[in-house]
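Hi everyone, thanks for making time this morning.

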Amino acid sequence: MGSASLACTAFVLQTFFSSRCFSISSVSMSPTFNLGDMAAVETYAAPAKASVKRGTLVIFQLPLGSREMIYSKRIAGLPGDRIQMLQGVLHINGIPVAREKIEDFLLYPPPRADQAVPRYVETFPEGHRHAIIETQGDTGPLDNTPEYNVPPGHYFVLGDNRDNALDSRILDQIGFIPAGALIGQVQWIFSPEGHMVAPDSSP
């Protein structure tokens, strides 16, 4: 068991089993998560009644054929919201979400670790700030979309790696997330070296 797994297990024990650990095996949430990171998740006692806010990092489970797949994404749209991407900019209810360019991000892991891609800080209307990357600039296939109307009892989720994420923009694969599919929200991230950081602590 690696140091990140040990640290995450210790965290769960110290919080009286109200948390679970999940291993990150996708780059869809870069730069927030790196491959090999562990996420300590506070599980929802009643997912369908959970208070979920825009910007929350959530873990959810959806069927994929005969299997159940677990995903980590960020809540971008609440029930009743209208969501659209225009030239890479997220729009919520017709209003563009503030996006500020910061230093480029070096892709991880190798062999592409020397490739720098644009990184931004995105700020939701409520003030939540988080980093995103655009590996294809603002010209990727999901950077311009139709408007999505989030149905009651569902959420719209996005990956922070906007050009390399399977998320709600792809309706026939992920689509809108039922409230009952939510497992919990990410409280801490553990690196393979055992370092612990809060999500979005330094975008």
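Before we start, one term: two strands pair if DSSP finds at least two bridges between them. The strands themselves are DSSP runs of E with at least two residues, numbered from the N terminus. With that in hand, look at β2 and strand β15, residues 182-190: they pair in the antiparallel sense over six bridges. One example to find on your screen is Glu42, whose bridge partner in β15 is Gln185.

A word on where this comes from: it is a predicted model, where local features need pLDDT of at least 70, side-chain atom pairs count only at pLDDT 80 or more, and totals for chains, interfaces and linings use all residues. Residues are numbered from 1 along each chain as its sequence is written, and side-chain values use heavy atoms, with hydrogens and water left out.

Back to β2, which covers residues 38-43: this strand also pairs with β1, residues 19-23, in the antiparallel sense over five bridges. There, Ser23 stands opposite Met38.

Next, which order do the strands take in the open sheet of four? The order is β7-β6-β5-β12, with antiparallel pairing. β7 (95-96) and β12 (148-149) each have a single partner strand, so one side of each is left without a neighbour in the sheet. Strand β5, residues 82-86, pairs with β12 over two bridges, and Arg82 has Asn149 as its bridge partner there.

There is also an open sheet of three strands, in the order β8-β9-β10, again antiparallel. Its edges are β8 (98-106) and β10 (129-133); each has a single partner strand, so one side of each lacks a neighbour in the sheet.

Now for the core. A nonpolar core is a set of buried Ala, Val, Leu, Ile, Met, Phe, Trp, Tyr and Cys residues joined through side-chain atoms within 4.5 Å; buried means under 20% relative accessible area, with a 1.4 Å probe and protein chains only. How many residues does the largest one have? It has 16, and those with the most contacts inside it include Phe60, Tyr155 and Leu182. The strands β3 (57-64), β4 (67-77) and β13 (154-158) each supply at least two of its residues, and the largest share, three residues, comes from β3.

Let's finish on Leu182. Counting contact as heavy atoms within 4.5 Å, and leaving out residues up to four places away in sequence, Leu182 touches several residues, among them Tyr44, Pro47, Val52 and Ile177.

Terms used
Buried means under 20% relative accessible area, exposed over 50%, partly exposed in between (1.4 Å probe, protein chains only).
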